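Let's take a walk through a protein model together. Have a look at it first, then read on.

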Amino acid sequence: VRIVRVIGGEPLIFQHLAELVDFLNQNQKVITFDIVTNATLLPNEKLLKAMQRAKNKMNVSISDYSLSPNLNIPLKQKQLQNLLKEYAIPFQISLQNKDDLWIDPGRIYPRKRNKKEIVENFKNCLMPCVSVMSNEGLNHFS
């Protein structure tokens, strides 16, 4: 796997993210991985240490939503950048410009597929990337 991108909503809310970071870091089949955050939350100490261990294999992408008119939550971009610098964790900021438009991705819903159906869907998918959503038939990190 060339890259695994951990996205959300806000993936920093996932209570087992530190374990996932360690798993991806130790997995020889994963070349690199990226955590995409909107900087509305800050990582806890456990997650920061896991990301620090994985710093040669991972990156944090900070999405800038500061110009979004529908944003009602304060962003913590500077605090996040300072923490990542302190722990020497690589990061980048995707700056938003005033011409960007918010695109509604549509409804996300559980498909209730079993593991065999998920594998079959993956094999038949023509998209260049595939998302695993809604814990569809997956066990912890399987």
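Which backbone nitrogen lies 2.8 Å from a polar atom of the side chain of asparagine 44? It belongs to leucine 47. The asparagine 44 side chain also reaches the backbone nitrogen of lysine 46, at 3.2 Å. A quick note before we go on: this is a predicted model, where local features need pLDDT of at least 70 and side-chain atom pairs count only at pLDDT 80 or more, while totals for chains, interfaces and linings use all residues. Residues are numbered from 1 along each chain as its sequence is written, and side-chain values use heavy atoms, with hydrogens and water left out.

So where does asparagine 44 sit? You'll find asparagine 44 in the loop between strand 2 (32-37) and helix 2 (45-53); helices (H or I, at least four residues) and strands (E, at least two) are DSSP runs, numbered from the N terminus. Glutamine 15 is 29 residues away from asparagine 44 in sequence and 9.8 Å away in space, C-alpha to C-alpha.

Now for glutamine 81, which is in helix 3. Is glutamine 81 buried or exposed? Glutamine 81 counts as buried because its relative accessibility is 10%, and buried means under 20% relative accessible area, with exposed over 50% and partly exposed in between (1.4 Å probe, protein chains only). Setting aside neighbours within four places in sequence, glutamine 81 is in contact with Ile62, Phe91 and Ile93, where contact means heavy atoms within 4.5 Å.

Notes
A polar contact is a pair of N or O atoms within 3.5 Å; within protein, one must be able to donate a hydrogen and the other to accept it, and residues adjacent in sequence count only if both atoms are side-chain atoms.
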